[in-house]
Amino acid sequence: MLRLIVRRLLQLIPTLFGLTILLFLWINRLPGGPASALLGERATEADRRQIEAALGLDEPVWIQYGRWMERLFQLDLGTSVQTGQPVWEEFTQRFPATVELALTAILIAVVIGIPLGYFAARRRGSWLDVTAVSGSLIGVCIPVFFLAFLLRALFAVNLGWLPSVGRQSTGIDATEVTGFFVLDGLLTGEWDASWDAIEHLVLPGVALASIPLALIVRITRASVLEVLGEDYVRTAESKGLNQRVVRGRHVMRNALLPVVTTVGLATGSLLSGAVLTESVFAFGGIGSFIQTAIDGRDYPVLMGFILFIALTYVFINLLVDLAYSVIDPRVRVN
Amino acid sequence: MSLLSVDELAVTFGGRGMREVNAVSGVSFSVDEGQVVGLVGESGCGKSVTSLALMGLLPNKGVRVGGRAMFRTGRGETVDLLTLGRSALRDLRGTQLAMIFQDPLSSLNPVVPIGVQVTEILTRHRGLRGQAARKEAAHLLDRVGIPDPTRRLKEYPHQLSGGMRQRALIAMAVACAPRLLIADEPTTALDVTIQAQILELLKELVDDQGTALLMITHDLGVVAGMCDTVNVLYAGKVVEAAGRRPLFAAPAHPYAHGLLGSIPRLDAPRGERLNPIRGSINDTIAWQDGCAFAPRCDFYVDECLRGTPQLAALPRGADGHDVRCVNPVMTGPPETTTLLDKPTTPEETASGGDDDPDGGDGEGPAAGGGTDEDTGTGSGTEASA
């Protein structure tokens with residue numbers, strides 16, 4: 001297992017290396033180049049030269065790339081054009097919010113989606129099945145920001161059960177350790193802070209969970225239906241095993257394989273920021289930051305962000321592969 | 001009373017808005033303790049559905065099961081397998097009743113080690129756990145002829161060969177010494193040499209444990225090598241039931257006659273045409289209108305279409321030789337029958353199915369496709385003498 005992990009990690013190196021080259025060339029080949037992007041359309045030629053010299057943009061591309069890579073290894077992603085802060089710091093401030101939100105959403109989707117899909121398959125054609133299938137269709141169809149508004153209007157504004165915006169109530173005196181507010185509260189023993197953070201996570205989490213939930217329900221249902229018809233399930237039944245063993249060991253273990261892939265992909269897309277949901281709930285994650293960076297052509301931020309997304313996907317793919325090799329011996333490498 | 005006595009088993013598939021299909025329409029047979037009974041017929045005649053119905057493994061929805069299947073359990077009670085509750089049936093399955101399936105690869109769970117798939121049945125029915133269960137599992141694998149069983153326990157189905165997989169399935173089936181073992185085409189997915197080994201193994205286990213075996217197959221060679229009595233199925237009904245020797249010596253139903261006649265011979269002149277039963281199983285009529293085989297039958301008479309023919313003792317036949325035909329074939333076996341390994345004498349035919357068990361052992365399945373060298377050219381004429 002360890003050897004598999006090491007091997008897969010080594011395989012990541014060329015992937016990421018190729019990505020940095022593509023990314024750098026893309027930025028370099030933009031019309032007008034980074035300098036005019038920074039200065040805007042009305043910049044004079046002299047201004048442009050000056051800023052190119054200052055940023056080292058007048059040197060050959062491969063030297064620029066080398067410098068950029070050198071800084072990258074020191075976790076220096078440059079400075080945000082908009083805020084003047086190092087990009088790395090901007091990210092580390094905002095990632096915890098995004099990660100917390102993404103994990104909440106995926107947790108909701110998995111905890112509800114897998115059992116729902118399973119029972120829909122077992123009672124195929126029942127009202128539960130029909131509700132789950134049509135509900136998941138609606139879940140995929142409703143735009144997330146619209147659902148976010150609906151949820152906020154109903155549960156936060158009208159009923160007042162849950163907070164409407166932010167990650168934390170203003171009056172809370174919480175100690176920040178990691179930036180993950182729920183975790184911080186647990187670490188410092190400030191339970192009320194944890195609970196407050198969880199309350200803030202519920203509505204955006206549910207809104208964001210809608211699409212992954214719908215996918216997981218559908219895929220689980222289809223997969224369980226397929227496995228239920230397999231010969232080995234019949235064999236298990238013919239041995240007179242308990243329902244629990246047949247369902248757990250023989251049905252679910254096989255049915256989960258495609259679900260694992262779906263969960264992995266969904267986690268990747270959630271971690272790369274949920275711009276709309278974060279905006280609706282003023283959540284302050286990476287999503288809304290990136291939105292302003294795109295508007296303001298903040299290239300250092302965008303490059304760092306693209307690298308981050310790529311890393312996230314690559315890492316999640318690795319996790320999915322490892323999960324596969326745990327569940328399915330046929331893909332295990334000897 | 002027999003160990004298992006199936007009476008007018010009927011299975012109908014269909015649901016709302018679907019045309020109903022009678023997969024099995026009134027099958028009756030019985031299995032005595034320690035006996036090997038064959039259920040023979042072509043694809044779609046209801047063999048597998050019969051076995052699944054007995055095991056209670058048919059789907060819950062869209063299936064109607066009728067008739068009775070009285071089974072005598074180890075505690076001396078007699079239960080109807082078709083009406084038994086789900087949990088009671090679960091207790092019987094694996095301990096009293098066990099089944100071996102056709103395709104060993106798809107019948108084993110690909111993501112669970114062989115060891116767990118064997119031990120889980122020991123845990124469920126014999127309460128064995130941990131080291132004790134693993135030891136017993138290794139013993140079982142050893143018994144079915146899997147070398148290095150302790151290592152094999154940790155392996156997964158895809159790491160085993162086809163024959164090994166079937167052996168592993170057999171080990172699971174016999175783990176609790178069931179009283180009745182149902183083998184649904186256990187050798188169909190295997191190549192011929194492995195087939196012989198598997199049949200040999202099944203025979204040994206059946207002899208050792210005194211287990212009765214219901215052998216479901218389309219392979220007449222398997223029947224000739226193993227079964228004490230044979231039930232030939234056609235379109236969901238038993239059309240002929242007889243001991244092995246009377247059946248092969250003097251098949252009375254035109255269908256059974258045609259089946260035996262269709263086996264190709266190695267010593268036939270080159271270019272000689274095969275001798276199939278004409279038509280297909282789709283050329284049939286409903287049993288209530290007459291004999292379902294009538295449209296394909298060479299011995300058809302008008303009487304065939306006057307209601308369902310009854311399964312009745314064959315006139316001048318051996319004991320227990322029943323046939324469902326108004327115009328049975330009385331001329332002996334077709335020219336080409338070579339499945340029994342030695343010429344059958346009229347005395348043997350008359351004495352019924354109680355021939356010595358070693359009689360058909362030697363060739364076993366190798367004779368199945370008629371590929372073994374011919375040993376019984378004269379059997380036809382002698383038997384009918």
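A charge sits over a ring, in my notes, if NZ of Lys or CZ of Arg is within 6 Å of the ring centre and within 35 degrees of the ring normal. I looked for such cases and found B:Arg324 over the face of B:Trp287, 5.9 Å from the ring centre. I also noted A:Arg94 over the face of A:Phe289, at 4.1 Å from the ring centre.

A word on the ground rules. This is a predicted model, where local features need pLDDT of at least 70, side-chain atom pairs count only at pLDDT 80 or more, and totals for chains, interfaces and linings use all residues. Residues are numbered from 1 along each chain as its sequence is written, chains are lettered from A and ligands numbered from 1 in the order in which they are written, and side-chain values use heavy atoms, with hydrogens and water left out.

Next, ring pairs. I took rings of Phe, Tyr and Trp (its six-membered ring) as paired if their centres lie within 6.5 Å, with planes under 30 degrees apart counted as stacked, over 60 as edge-to-face and the rest as tilted. That rule gives 11 aromatic pairs over all chains. One of them is A:Phe24 with A:Tyr65, edge-to-face at 5.5 Å centre to centre and 70 degrees between the planes. A:Phe24 is in helix H1 (residues 2-28) of chain A and A:Tyr65 in helix H4 (residues 61-73) of chain A, so this pair ties together parts 41 residues apart in sequence. Helices (H or I, at least four residues) and strands (E, at least two) are DSSP runs, numbered from the N terminus.

I checked A:Tyr65 against A:Trp68 too: their ring centres are 6.3 Å apart and the planes at 45 degrees, so I wrote down "tilted". Buried or exposed, A:Trp68? A:Trp68 is buried, with a relative accessible area of 8%; buried means under 20%, exposed over 50%, partly exposed in between (1.4 Å probe, protein chains only). A:Tyr65 is buried as well, at 15%.

Elsewhere in chain A, ring pairs link A:Phe91, A:Phe95, A:Phe289 and A:Phe308 into a cluster.

Last, the sheet in chain B. I traced eight strands in an open, mixed sheet, in the order S6-S7-S8-S3-S9-S10-S12-S11; two strands pair if DSSP finds at least two bridges between them. S6 (97-100) and S11 (312-313) of chain B are the edge strands, each pairing on one side only. S11(B) runs antiparallel to S12 (residues 322-323) of chain B, and two bridges join them. There I found B:Ala313 opposite B:Asp322 in S12(B).
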